[in-house]
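I opened a new notebook page for this structure.

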Amino acid sequence: MTLLARPIGSDEFEDWCKASGVKVHQAIEHKLFPGNIRGLTLTESPEKDMVAMQIPKGIVLQSDYTDNDWDAELAAILWS
């Protein structure tokens, strides 16, 4: 899979995360994948006990809504 340029807004989002106390392993980067899909990728092999991210609970959105297939349904919509 070919990786493209960094997605627009990644720098601003990463700055906000850092200011909010999020800690991200140095080997994780934002990337833009074919089809204008943004995501994260590892730039090196993962370490045995690697902690990818530490996110303060206070900035995590929470809800009592549950749906086991929401991500699969979203993926099907995006790919159709």
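Is F13 buried, partly exposed or exposed? I found F13 partly exposed, with a relative accessible area of 42% (buried is under 20%, exposed over 50%, partly exposed in between, with a 1.4 Å probe and protein chains only). F13 sits in helix 1.

A note on the source: this is a predicted model, where local features need pLDDT of at least 70, side-chain atom pairs count only at pLDDT 80 or more, and totals for chains, interfaces and linings use all residues. Residues are numbered from 1 along each chain as its sequence is written, and side-chain values use heavy atoms, without hydrogens and water.

Next I looked up the salt bridges (a side-chain nitrogen of Lys or Arg within 4 Å of a carboxyl oxygen of Asp or Glu). The whole structure has 1 salt bridge. It joins the side chains of K31 and E29, at 3.4 Å from N to O. K31 counts as buried, at 18% relative accessibility. E29 is partly exposed, at 30%.

F13, W16, V24, L40, M53, I55, I59 and V60 make a nonpolar patch of about 690 Å². Such patches take residues with over 30% relative accessible area and no salt bridge, with nonpolar side chains (Val, Leu, Ile, Met, Phe, Trp, Tyr) joined within 5 Å and like charges within 9 Å. The areas come from the Shrake-Rupley method with a 1.4 Å probe, and for residues only the protein chains shown count as cover.

Note on methods
Helix = DSSP H or I, 4+ residues; strand = E, 2+ residues; numbered from the N terminus.
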